[in-house]
Amino acid sequence: QAEYVVDYTVKLAGVNGEIKGSRSLFMLIEKRDLLVLVPEKMFQGQKSAVRAFLSDPRNGVGITGQEVVVTLTQEDGDIRESKATTDDQGVAVFELTQEEVGDLTLRAAVTQEGEEEAVETSVEVVRESKLYLTSDKPMYQPGQTMFLRALALDRFSHLPKGDEALLFELLDSKGNKVFKE
């Protein structure tokens with residue numbers, strides 16, 4: 001049972017009978033639920049989709065025509081802001097690109113009649129490459145010289161990565177580091 005329930009009776013003039021009922025005061029209050037879908041990781045220089053769903057918690061229906069503001073705050077304090085309006089299903093879609101690697105704070109907010117509904121989360125922006133490593137033999141005997149070749153490619157464009165340092169670490173079967181360059 002709800003604590004704040006109003007019982008009502010409606011009598012219509014000229015009509016025999018009445019309408020009785022009860023209603024929770026919660027149903028009279030304007031409410032909004034904001035749900036934001038954010039990827040766990042964003043990839044440096046690539047578009048990432050962020051979706052905001054705005055709905056009425058009383059009936060689950062999307063709220064249309066509301067402006068949603070997404071703010072990205074970097075570790076150094078740099079702030080970027082994007083705005084979108086909810087569609088007929090209550091969804092606002094943002095295509096975000098981040099050039100700096102590191103942790104971001106993502107905040108989505110909707111303001112209506114001076115009341116703000118906001119959601120905040122953290123997102124990691126990473127730089128990832130594909131690395132292809134080949135050797136001249138499938139197996140080596142102790143004391144033999146290993147010849148290795150590495151090809152680092154951009155994760156999305158598959159173009160060679162240039163001017164970036166590459167660290168080779170060789171581990172033995174027990175996981176001990178035996179070589180590093």
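1. Which residues are linked with Glu-18 in a network of salt bridges? In this predicted model, the network joins Glu-18 to Lys-11 and Lys-20. Within it, the pairing of Glu-18 with Lys-20 brings the closest N and O atoms to 3.5 Å, and the cut-off for a salt bridge is within 4 Å, so this pair qualifies. Glu-18 is partly exposed, with a relative accessible area of 39%, whereas Lys-20 is exposed, at 60%.

2. The count of salt bridges comes to seven by this rule, and one of them pairs Glu-116 with Arg-107, where the closest N and O atoms are 2.8 Å apart. Both partners are partly exposed, Glu-116 having a relative accessibility of 45% and Arg-107 a relative accessible area of 29%.

3. A further salt bridge is formed between Glu-169 and Lys-177, with 3.3 Å separating the closest N and O atoms. Glu-169 is partly exposed, its relative accessible area being 40%, and Lys-177 also counts as partly exposed, with a relative accessibility of 47%. As a general point, side chains of opposite charge can pair when their charged atoms come close.

4. Apart from the charged pairs, the surface carries a nonpolar patch that is formed by Leu-133, Met-146, Leu-148, Leu-170, Val-178 and Phe-179. Together these residues present about 500 Å² of accessible area.

Technical notes. Residues are numbered from 1 along each chain as its sequence is written. This is a predicted model: local features need pLDDT of at least 70, side-chain atom pairs count only at pLDDT 80 or more; totals for chains, interfaces and linings use all residues. Side-chain values use heavy atoms; hydrogens and water are left out. Patches are made of residues with over 30% relative accessible area and no salt bridge: like charges are joined within 9 Å, nonpolar side chains (Val, Leu, Ile, Met, Phe, Trp, Tyr) within 5 Å. Accessible areas come from the Shrake-Rupley method with a 1.4 Å probe; for residues, only the protein chains shown count as cover. A salt bridge is a side-chain nitrogen of Lys or Arg within 4 Å of a carboxyl oxygen of Asp or Glu. Buried means under 20% relative accessible area, exposed over 50%, partly exposed in between (1.4 Å probe, protein chains only).
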